[in-house]
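Reader: I have a chain open on my screen and would like to talk it through with you. Could you take my questions as they come?

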Amino acid sequence: MKFYSLIPILLPALAECQAVGKPFGFATGVTGGGSATPAAPSDITQLKSWLADATPRVILINKTFDFRGSEGTTTGQVCQDNVTGLCPGGSSAGQSSITTTCDTTRGKWISGSWDTAGRTQMKVASNKSIIGVGSSGIIMGKGLALTGGVSNIIIQNVWFTNINPQYVWGGDGILLSGCDKVWIDHCKFSLMGRQFLVSGFDAAGHVTISNNEFDGVTSWSSSCNGDHYWVMLFAGALDYYTLAGNWIHHFSGRSPHIGTTVDVSTIWMHAYNNLWENGGGHSFDIDKNTYMLIEANQFTSALQPITPASSTNGGHIFDVPSSSNTGTCSSYLGRNCVVNGFSSSGSWTSFTDTSVLSQFQGLKSYLGTPAAASSVSASVKANAGIGKISQTSVTTTKTTTKATTAATTTSTSKTTTKATTTTAGNPATQTLYGQCGGIGWTGPTVCASGSTCTFGNDYYSQCLA
Ligand SMILES: *[C@@H]1O[C@H](CO)[C@@H](O)[C@H](O)[C@H]1NC(C)=O
Ligand SMILES: *[C@@H]1O[C@H](CO)[C@@H](O)[C@H](O)[C@H]1NC(C)=O
Ligand SMILES: *[C@@H]1O[C@H](CO)[C@@H](O)[C@H](O)[C@H]1NC(C)=O
């Protein structure tokens, strides 16, 4: 008779770091670099080449890749506008523009100097996952360009920052122009000269922008109030955006601007469960050729949730102005829409264009299910940005089987245990101690990483660690 005792010996955990969670909304089905073995580039040169080559890759960003200085410094004239550049009476400095023309009736040329690398972005080829590790993944001084017909790209848990923030046209974060199937998730954007995210006039295709932090705090603001003006600008030929679970704070404009007067453009956007907070300018600025479904967002201390021009530009908008409009959605979408929430914010404008709902009826499979606006502030702040996802780690357990009698053999086997990932597609997760269930509860039912939804009574379940 043989007796075996199993003695598991835990070896140090390896961070495997494929993308966490599943892309949802318009990026549903995006796989990026798929099952390619994750690898970390050693320096900025290798990062640049891995992003652009033809190999499907899972590129780990496990440190700061700082491009500043890598292409030198450029000095030249910049245009300083009397108002947006000089900022008389403003609470922060303004931005001057790197440009070839300057209207000297309202400004003047001054000398400037900027980091050359920031003005051009790195090309990203198809079939790539770009994944930050923990909270250490930072790309500084240079953005990404998804152009020329690339597709199937995941960018997750990476902080893009420090791209000539003092100058308009100093550089963009991510350019989406001539691409399709893109998932930008749990990233952070801050301190850039121009747009955090921008489309060109070529199609951006199917894009989900989820759980990101757009941090507009800056010392150089075109609105002279310490808030970043150029957050998101979308004007592509044929663009489908899911904008969900993002935290957009200290913004002053284009947060986002959607649409263009260029007639070739058509843009659909489902914006839900985002938090706009502490903004000294506008959130939505909607132009023509757009179909906008805006529901279950929260605006807190947001000066102007939607621009007056959005009413006259000709865009198609359904923004659930009150609870009496929620039921309008059911015959199109098979569910009610969800009202937006406001606290210490400017007024919302009523838009009930049902052509938006007809459009989204045909795109129903791409629509996420929004949680109530009242749950958004806490869940977004707990979940948006870098270092918030629980990445897959592979723990190799060496199970040694020891024989208890001299006559038996000893064998060794290896068991691989995969930790489960906890970030689901739906951005609305409840924070620790928040409500996650109960009769009548319509808020998030998924708890933030590290906590579990625990039954209290029929009317109340709570996220507990
Ligand atoms: C990043 O990952 C690579 C490959 O696993 C490793 O060699 C390197 O030491 C890591 N860098 C940091 C800063 O952790
Ligand atoms: C703006 O500044 C320029 C150059 O200093 C000056 O000539 C112009 O009169 C100013 N315009 C306004 C509108 O203040
Ligand atoms: C991306 O991967 C898919 C699936 O493996 C493949 O069919 C496609 O050709 C790849 N795209 C490019 C541009 O390599």
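Reader: To start with, is phenylalanine 201 buried or exposed?

Author: Phenylalanine 201 is exposed, at a relative accessible area of 54%, where buried means under 20% relative accessible area, exposed over 50% and partly exposed in between, with a 1.4 Å probe and protein chains only. This is a predicted model, in which local features need pLDDT of at least 70 and side-chain atom pairs count only at pLDDT 80 or more, while totals for chains, interfaces and linings use all residues. Residues are numbered from 1 along each chain as its sequence is written, chains are lettered from A and ligands numbered from 1 in the order in which they are written, and side-chain values use heavy atoms, with hydrogens and water left out.

Reader: Where is the place of phenylalanine 201, and which residues form a nonpolar patch with it?

Author: Phenylalanine 201 is in the loop between β16 (197-199) and β17 (205-210); helices (H or I, at least four residues) and strands (E, at least two) are DSSP runs, numbered from the N terminus. Together with Val262 and Val264, Phe201 forms a nonpolar patch on the surface.

Reader: Going inside, which residues touch the most other members of the largest nonpolar core?

Author: Those are Leu146, Leu176 and Phe284, in a core of 56 residues, a nonpolar core being a set of buried Ala, Val, Leu, Ile, Met, Phe, Trp, Tyr and Cys residues joined through side-chain atoms within 4.5 Å. A second, separate core has 16 residues, including Phe26 and Leu357.

Reader: What about helix α1, which of its residues are buried?

Author: In α1, residues 44-52, the buried ones are Leu47, Trp50 and Leu51. They lie on the same side of α1, because they cover an arc of only 100° around the axis, the arc being that of the directions from the helix axis to the C-beta atoms. These buried residues pack against several strands, among them β3 (57-61) and β11 (144-156).

Reader: Changing topic, how many salt bridges does the structure hold?

Author: There are 10 salt bridges, each a side-chain nitrogen of Lys or Arg within 4 Å of a carboxyl oxygen of Asp or Glu. One of them joins the side chains of lysine 128 and aspartate 53, at 2.5 Å from N to O. Lysine 128 lies in strand β9 and aspartate 53 in the loop between α1 and β3, so this pair ties together parts that are 75 residues apart in sequence.

Reader: And lysine 381, what does it form a salt bridge with?

Author: Lysine 381 pairs with glutamate 277, and their closest N and O atoms are 2.9 Å apart. The pair links distant parts of the chain, with lysine 381 in helix α4 (residues 376-383) and glutamate 277 in strand β24 (residues 275-286), 104 residues apart. Lysine 381 is partly exposed at 34% relative accessible area, whereas glutamate 277 is buried at 10%.

Reader: Last one, is cysteine 329 buried or exposed, and what does it touch?

Author: Cysteine 329 counts as buried, because its relative accessibility is 0%. Not counting residues up to four places away in sequence, cysteine 329 touches Phe318, Gly334, Arg335, Asn336, Cys337 and Leu357, where contact means heavy atoms within 4.5 Å. The place of cysteine 329 is in the loop between β27 (316-318) and α2 (330-333).

How values were computed. Patch = residues over 30% accessible without salt bridge, like charges linked within 9 Å, V, L, I, M, F, W, Y side chains within 5 Å. Areas by Shrake-Rupley, 256 points an atom, 1.4 Å probe, with all protein chains shown as cover.
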